[in-house]
Amino acid sequence: MGQRKILDVLRGETVFPPPVWMMRQAGRYLPEYRETRKQAGSFLDLCYNPDLAVEVTLQPIRRFGFDASILFSDILVVPHALGRDLRFEEGRGPLLTPIDASGIAKLETSGFHDHLAPVYETVRRLRRELPDETTLLGFCGAPWTVATYMIAGHGTPDQAPARMFALEQPEAFSALIDRLADCSADYLIRQIDAGADAVQIFDSWAGVLDELSFERWCVKPVARMVAKVREKHPDTPIIGFPKGAGALYAGYRRETGVTALGLDWTVPLGTARRLQAEGAVQGNLDPLRLIAGGEALHEGVDAIVEALRHGPFIFNLGHGITPKTPVEHVEAMLKRIREAE
């Protein structure tokens with residue numbers, strides 16, 4: 001096996017220049033992705049077609065040589081596999097029929113892994129086709145974030161529908177979160193079985209919760225998932241990304257047991273350094289700096305690399321790359337990182 005630098009970092013080693021990948025690195029900013037997306041029909045068809053999902057996952061590796069490749073899929077395939085309807089509309093994003101307490105009680109797990117079989121096949125093929133030195137990342141959404149879409153039926157500015165539901169109907173919401181935690185852990189286990197080297201749990205809406213709710217709906221469910229994954233795969237690294245967690249980042253790794261912390265772009269670099277003392281960190285360039293390019297991009301990259309170079313660190317964005325990002329700015333970012341001294 002070639003040296004997979006990201007796995008070295010996740011085990012606590014310092015690697016310099018730091019290895020790099022980008023959240024949403026297979027996406028609409030790439031012309032070749034847009035072409036493949038047209039062939040697929042719908043976004044969900046792309047997620048569930050191993051031939052096309054493998055192709056779009058490999059595109060950024062061929063073009064940029066990132067140190068990690070992340071499975072191409074979506075966090076909402078989990079509720080879809082539990083029998084909920086799901087569609088993606090241009091300009092509106094994901095749409096589901098909002099779930100209520102009676103719907104939560106009826107969630108169907110019997111065909112869960114059969115529904116997700118194409119995803120596992122994609123992982124198997126990727127591990128065969130990726131360069132040996134490229135780390136393969138599996139992923140899922142965290143229970144809280146997935147639940148927010150299931151309750152509202154779509155994304156909202158502050159996910160108030162799910163927050164309100166959790167406050168007014170905590171037992172029903174707890175049942176939903178537990179179901180998602182167990183199914184999502186099983187989903188990650190199957191991805192690891194199929195060849196994923198490490199996994200990431202995306203909690204994109206962690207930052208909208210108060211401290212009590214963060215503990216109950218973000219920390220405890222992810223801790224439950226980590227424990228379940230570790231029973232089967234004790235040595236597989238798990239990256240937790242509780243976007244927007246702010247001051248609550250510090251306790252998140254200790255309380256959940258995740259191996260590494262993905263940091264959003266609002267986390268100060270001094271805080272990132274302190275978090276790094278307890279293990280690997282990943283992040284955290286503002287995706288808008290990547291769109292802007294030039295000096296704004298260079299100063300952002302340089303500050304992060306300088307601050308985090310002396311510990312276990314994976315360079316990434318502080319959230320996903322956006323469709324408007326010029327490809328040449330990604331090339332400039334990678335050149336700056338790889339030529340760091």
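Which element gives the most to the lining of the largest pocket? In this predicted model, that element is α2, which contributes three residues to the lining.

**The largest pocket**

- The largest pocket has a volume of about 1,400 Å³, and its lining is made up of 39 residues, among which R24, R28, F43, D74 and F88 lie nearest the centre.
- Two or more lining residues come from each of the elements α2, β2 (87–89), β3 (93–95) and α9 (143–152).

**Positions annotated as a binding site**

- An unreviewed UniProt entry places the feature "binding site" at R24, Q25, A26, G27, R28, D74, Y149, S204 and H319.
- These annotated positions do not all gather at one spot, because they span 296 residues in sequence and the two C-alpha atoms that lie farthest apart are separated by 22.8 Å.
- From this annotated set, R24, A26, G27, R28, D74, Y149, S204 and H319 belong to the lining of the largest pocket.

**Q25 and A26, two of the annotated residues**

- Q25 is located in the loop between α1 and α2 (31–40), and A26 likewise lies in the loop between α1 and α2.
- Q25 counts as buried because its relative accessibility is 1%, under the 20% cut-off, and A26, at 12% relative accessibility, counts as buried as well.
- With neighbours within four places in sequence left aside, Q25 is in contact with L30, P60, I61, F66, A68, S69, I70 and I321.
- A polar atom of the Q25 side chain also lies 2.8 Å from the backbone nitrogen of M22.
- For A26, again leaving aside neighbours within four places in sequence, the contacts are with Y33, V56, T57, P60 and F72.

**I6 in helix α1**

- I6 sits in helix α1, which covers residues 5–10, and this residue counts as buried, with a relative accessibility of 0%.
- Apart from neighbours within four places in sequence, the residues in contact with I6 are P19, W21, D67, A68, T135 and I314.
- One of these contacts, P19, is 13 residues from I6 in sequence, while the C-alpha atoms of I6 and P19 are 6.1 Å apart in space.

**Q191 in helix α11**

- Q191 is found in helix α11, which runs over residues 170–194, and at 0% relative accessibility Q191 counts as buried.
- When residues up to four places away in sequence are not counted, Q191 touches L71, Y120, V123, G138, F139 and A196.

- Within helix α13 (residues 249–256), the residues Y249, G251, Y252, R253 and T256 are buried.
- The cover over the buried residues of α13 includes the helices α12 (211–232) and α14 (269–276), together with the strands β6 (238–242), β7 (260–262) and β8 (281–285).
- Just after α13 comes G257, whose phi angle is positive, at about 85 degrees.

Notes. Residues are numbered from 1 along each chain as its sequence is written. This is a predicted model: local features need pLDDT of at least 70, side-chain atom pairs count only at pLDDT 80 or more; totals for chains, interfaces and linings use all residues. Side-chain values use heavy atoms; hydrogens and water are left out. Helices (H or I, at least four residues) and strands (E, at least two) are DSSP runs, numbered from the N terminus. Buried means under 20% relative accessible area, exposed over 50%, partly exposed in between (1.4 Å probe, protein chains only). Contact means heavy atoms within 4.5 Å. UniProt positions are given in the numbering used here, feature names are shortened, and annotations may be inferred rather than shown by experiment. On a 1 Å grid over the protein atoms alone, a cavity is a set of points where a 1.4 Å probe fits but cannot get out, and a pocket is an open set with protein on both sides within 12 Å along at least five of seven lines; lining residues have an atom within 4 Å of a point. A polar contact is a pair of N or O atoms within 3.5 Å; within protein, one must be able to donate a hydrogen and the other to accept it, and residues adjacent in sequence count only if both atoms are side-chain atoms. Grid points are joined across faces, edges and corners, and a volume is the space filled by probe spheres set on the points.
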